[in-house]
Amino acid sequence: MQPDRIDVPTLRRYLVPFDPKRVPHLFADVLVIGGGIAGTRAALEIDPSLRTIVVTKDQISHSNSAWAQGGIAGVLDPLDDFSSHVADTVAAGKGMCDHDVVEFVIREAPDRIRELIRYGTVFDKVQGEIALTLEGGHSHARVAHALGDATGKEVMRAMHQRAFESEHIDIWQQTFTIDLLTRDGICRGALVWNPNHGRTFVWAKQTILCTGGAGAMYRETTNPMIATADGHALAFRAGCEVRDMEFMQFHPTVLYIAGSSRHLISEAVRGEGAHLVDSTGYRFMADYDDAMELAPRDIVSQAITQQMTKTAHPCVYLDLAPIGEEKIRRRFPHIGKMCSDFGVDITTDRVPVRPGAHYMIGGITTDTEGSTSLPGLWAAGEVTSTGLHGANRLASNSLLEGVVYGLRCGQNASNAALQQSDSFSAPPLKSVPGIANDSDEALDLTDIRNSLRSLMWRSVGISRNESDLQTARQQLDFWANYVCRRDLAGPVGWELQNMMLVGRVMAAAALARRESRGVHLRSDFPETIDAAARHITVQATEIREHE
């Protein structure tokens with residue numbers, strides 16, 4: 001598949017000025033950036049003789065992985081088979097999956113799930129066997145879940161406990177990674193910051209990037225507000241190739257109550273039998289796809305959006321009554337509690353829902369080993385584009401991808417670090433000067449961030465067109481000219497600068513794909529074109545090494 005390539009200016013290589021003689025230096029064998037399922041699994045695979053540092057910008061328990069409700073997909077039922085799971089994944093990916101990657105990940109799934117059990121994860125069971133549920137796009141019940149509808153919370157509890165018990169792993173929480181450090185075209189570690197110690201150079205023989213997604217770039221999202229595309233941005237500034245950045249997956253069913261934060265209503269609710277109805281009570285999914293509520297996420301999200309337009313109503317509704325009250329309470333305790341906080345009883349009331357940004361399919365280009373285009377840097381999880389998901393991720397394949405590639409990156413980074421000398425020292429690095437701001441007037445970062453998120457939702461959202469995308473690019477470029485050219489003082493500003501850069505990349509990629517495919521819907525180019533089933537890669541211009 002021959003890719004198309006576009007270039008986007010970064011405006012700057014490093015977000016902050018620094019003088020290497022005035023910043024503390026620390027050395028590690030392996031640096032893991034991100035503490036979700038991919039980063040934690042990578043750290044657990046590092047040889048115990050190596051010093052491993054895991055850096056996470058919030059509490060380690062606060063990640064998209066921990067928020068995952070539905071489960072992890074794998075062939076565990078004797079009546080299921082790998083070819084079926086592979087076929088479902090490829091069908092959802094709409095011609096963009098890498099078949100070798102799909103085959104590799106799906107065949108790894110049973111072993112990785114059993115490994116999670118050895119770590120202490122307690123999956124829900126029926127008659128002594130792991131309970132499996134059906135989700136949209138799957139042809140067989142193959143999704144293992146825990147705590148009813150809080151799988152990520154249980155999986156990460158067990159994995160984090162194992163990591164905290166590992167003496168060779170140091171976990172730095174509430175530590176923001178500002179930028180990757182590079183020298184001679186090789187990743188050498190990262191510049192990090194925390195409120196207690198300020199900035200620190202962490203020099204590492206090998207670095208693994210597992211920073212998660214970008215959902216917080218949108219006004220409507222299932223993600224925690226930490227999902228600000230930091231990893232995508234810092235890798236891009238360091239010269240990494242990213243691809244398919246137009247592919248943001250929107251989850252069809254997000255709790256929609258005016259004034260409340262948005263909450264995911266798991267795919268498993270529809271898998272267990274819930275119906276989607278519009279404001280008139282009409283069950284509409286048969287109008288859009290024969291699989292109805294169990295169609296892939298891109299189809300359901302786009303159908304809901306069209307039905308909301310037809311009815312001039314701000315949402316549709318999930319009717320859980322077909323599931324039955326006893327099963328609802330047993331299977332969905334977390335969702336039930338969450339909805340009850342807003343006065344909605346999911347056993348009797350229809351639940352108001354609409355789509356929201358959920359999962360970033362595009363990301364740093366990696367191969368089957370987890371290596372990136374930047375030597376010394378590996379990547380796993382939602383920050384990557386591995387070829388597994390194609391143009392639309394199949395439900396519950398994300399935790400699976402994170403644990404499979406986390407393991408692979410951990411193995412490869414560990415082996416590479418073991419072959420490097422312990423005499424490794426900090427390479428010479430020139431100072432990075434500060435930027436003189438044109439104005440001393442303070443920026444309202446919160447207002448700009450809210451405006452950016454609204455713009456992305458409005459113009460780079462579920463349905464896109466040339467005019468809106470051009471408007472988004474122009475507005476993002478305008479903001480970037482005065483936001484990204486300033487030296488901002490902390491994580492709130494650095495997150496905004498990262499979001500601004502990634503928003504510009506996403507809008508450019510969405511303009512370049514002049515067709516509709518998977519999660520990328522162009523109202524002005526509604527057809528899927530076979531000849532256009534190719535990757536769109538983006539690389540940064542104006543990269544300067546500061547050697």
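Me: Are F176 and W494 buried or exposed?
Reply: This is a predicted model, in which local features need pLDDT of at least 70 and side-chain atom pairs count only at pLDDT 80 or more, while totals for chains, interfaces and linings use all residues. Residues are numbered from 1 along each chain as its sequence is written, and side-chain values use heavy atoms, with hydrogens and water left out. With buried meaning under 20% relative accessible area, exposed over 50% and partly exposed in between (1.4 Å probe, protein chains only), both F176 and W494 are buried.

Me: What kind of pair do the rings of F104 and Y405 form?
Reply: Rings of Phe, Tyr and Trp (its six-membered ring) pair if their centres lie within 6.5 Å, and planes under 30 degrees apart count as stacked, over 60 as edge-to-face and the rest as tilted; this rule gives ten aromatic pairs. For F104 and Y405, the centres are 5.8 Å apart and the planes stand at 90 degrees, so the pair is edge-to-face.

Me: How many residues apart are F104 and Y405?
Reply: Helices (H or I, at least four residues) and strands (E, at least two) are DSSP runs, numbered from the N terminus. F104 lies in helix α4 (residues 99-119) and Y405 in helix α11 (residues 398-418), so that the pair links distant parts of the chain, with a separation of 301 residues.

Me: What kind of pair do the rings of F176 and W494 form?
Reply: The ring centres of F176 and W494 are 5.5 Å apart. Their planes are at 45 degrees, so the pair is tilted.
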